[in-house]
Amino acid sequence: MPVDQAQDIAGGDEKATATAAVEAMAATAAASYPVAPGYRLNVRSGPGTNYSIVRVLSEGAEVRINCQTPGMWVSGPYGTSNIWDNIGSGQYVSDAYIRTGSDGYVASRC
């Protein structure tokens, strides 16, 4: 029996689990999350409302979250949170306005 087959038989469950984890991370990285309906959302240069506005997302926009970081507490349609989502270089939005389906982190920390 070739060595590759012996390894697959011995570690089949581990290999399947590792493959599923990689696929889940790739799906999360490519996921887009909607901004709360009816809101035009300010994109800030840092994780707080004291940072300058760099642009405004239109109603119905979706964002891809690169990473998340703690910052200023904000109340929005999806609760009160201090999680800020990095959606681009120097671009942050409050997670309280993004429907991620979670009250916690859904991406790696910045």
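Guide: First a term: buried means under 20% relative accessible area, exposed over 50%, and partly exposed in between (1.4 Å probe, protein chains only). This is a predicted model, where local features need pLDDT of at least 70, side-chain atom pairs count only at pLDDT 80 or more, and totals for chains, interfaces and linings use all residues. Residues are numbered from 1 along each chain as its sequence is written, and side-chain values use heavy atoms, with hydrogens and water left out.

Visitor: Which residues does the disulfide join?
Guide: Cys67 and Cys110, with 1.9 Å from S to S; a disulfide is a pair of cysteine sulfur atoms within 2.5 Å. Cys67 sits in strand β5 (residues 67-76) and Cys110 in the segment after β7, 43 residues apart. Strands (E, at least two residues) are DSSP runs, numbered from the N terminus.

Visitor: Is Cys67 buried or exposed?
Guide: Cys67 is buried, because its relative accessibility is 13%. Cys110, at 48%, is partly exposed.

Visitor: New topic. How many aromatic pairs are there in the whole structure?
Guide: The search finds one. Tyr39 and Tyr97 form it edge-to-face, at 5.3 Å centre to centre and 75° between the planes. Rings of Phe, Tyr and Trp (its six-membered ring) pair if their centres lie within 6.5 Å; planes under 30 degrees apart are stacked, over 60 edge-to-face, the rest tilted.

Visitor: And what is Ser32 in contact with?
Guide: Leaving aside neighbours within four places in sequence, Ser32 contacts Glu62, Val63 and Arg64, where contact means heavy atoms within 4.5 Å. Ser32 lies in strand β1 (residues 32-34).

Note on methods
Helix = DSSP H or I, 4+ residues; strand = E, 2+ residues; numbered from the N terminus.
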